[in-house]
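Reader: I am new to this structure and would like to learn how to read it. Could you take me through some of its features?

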Amino acid sequence: MRLDQREIARYLGAAGKPLWPEAAAWARDCQRELEGTVTPRLLGRRLSLSLFAGESRDLDWHLRHCTQGVLFAVTLGAETDRLLRRWSVQSMAKAAVGQAVCAVWLDDLCAAYCAGLLPQLGAGEFLTPPFSPGYGDWSLTAQGRVLDLLQAPKRIGLTLTEGGMLVPEKSITALVGISDRPEEACGQKCMRCNKTDCPFRSAPEGEEERGVVL
């Protein structure tokens, strides 16, 4: 696990700035504890995008040049939730840094999963950036069907609360389209999102230097 400090800072609401020394120390501590106790789990499934047609205007637009895609889920597991509860008892500030560390680790795992799909694509096939329930107007209520399609409760223990939240908490589900257009292969999902006032928005590539990894 080699996480970008600037990405951690972005999740802490300090985009474009390095982590301050105390936060950097907490981030290293959290990473060590996570690495010693957590085994991420993931699964995916290639399917027809007709299963999602009409659910969301934003999703339809995102996948407008795609007929198939890959639905996937990644979870850091229940042990991560227990660590987060323990950190919150120790220090709310450390818990906030731990939340950011988990978020960046999940992002990296999703990116690695998508990179692993590339050798499986056919000639002239390209992956779109991931799109998750809760993005744009794709409702979080879609999570239940996503988990059912993946058989996630049975296969990786990923479930939903009655309020529609993923359990374990540090988990992601997402859909990537398989497009026939190379320009669709944009890895920066923030640059394709209309919510330009989002405090967690990433800068375009080249606009800021990559941060030091921990």
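Predicted model: local features only at pLDDT ≥ 70, side-chain atom pairs only at ≥ 80, totals over all residues.

**Reading the fold, one feature at a time**

Author: Begin with the end of a helix.

Reader: Which residues of helix α6 are buried?

Author: Burial is read from relative accessible area, with under 20% counting as buried. In α6, which runs over residues 143–150, the buried residues are Gln143, Val146, Leu147, Leu149 and Leu150. They lie on the same side of α6, because the arc they cover around the axis is only 160 degrees.

Reader: What do the buried residues of α6 pack against?

Author: Their partners are the strands β1 (41–48), β2 (66–75), β4 (159–160), β5 (166–167) and β6 (171–179), together with α7 (152–156).

Reader: How do I read the packing of two helices, and at what angle do α2 and α4 pack?

Author: Look at the angle, the distance between axes and the handedness. For α2 and α4 the angle is about 150 degrees and the axes are 10 Å apart. The crossing of α2 past α4 is right-handed. From α2, the contact uses Cys30, Glu33, Leu34 and Thr37; from α4, it uses Glu79, Thr80, Leu83, Arg86 and Trp87. By type, the residues of this contact are four nonpolar, two polar and three charged.

Reader: Which residues touch the most other members of the largest nonpolar core?

Author: A core is read as a set of buried nonpolar residues joined through side-chain atoms. The largest one here has 38 residues, and Ile8, Leu34, Phe72 and Val101 touch the most other members. Two or more residues come from each of α1 (5–11), α2 (21–37), β2, α4 (78–90), α5 (92–117) and β6. The most come from α5, which gives 13 residues. Another core, of 21 residues, lies apart from it; Leu47, Leu49, Leu71 and Trp138 are among its members.

Reader: Which residues does Leu49 touch, not counting residues up to four places away in sequence?

Author: Contacts of this kind show which parts of the chain meet. Leu49 touches Leu63, Cys66, Thr67, Gln68, Gly69, Leu175 and Gly177.

Reader: How many residues apart in sequence are Leu49 and Ile178?

Author: They are 129 residues apart in sequence, while their C-alpha atoms are 9.5 Å apart in space.

Definitions and conventions: Residues numbered from 1 in each chain as written. Heavy atoms only, no water. Buried < 20%, exposed > 50% of the residue type's maximum accessible area, 1.4 Å probe, protein only. Helix = DSSP H or I, 4+ residues; strand = E, 2+ residues; numbered from the N terminus. Arc of directions from axis to C-beta. Contact = heavy atoms within 4.5 Å. Core = buried A, V, L, I, M, F, W, Y, C linked by side-chain atoms within 4.5 Å. Axes fitted to C-alpha atoms, helices over the stretch in contact; angles between N-to-C directions. Left-handed = near helix turned anticlockwise from the far one by under 90°. Nonpolar A, V, L, I, M, F, W, Y, C, P; charged D, E, K, R; others polar.
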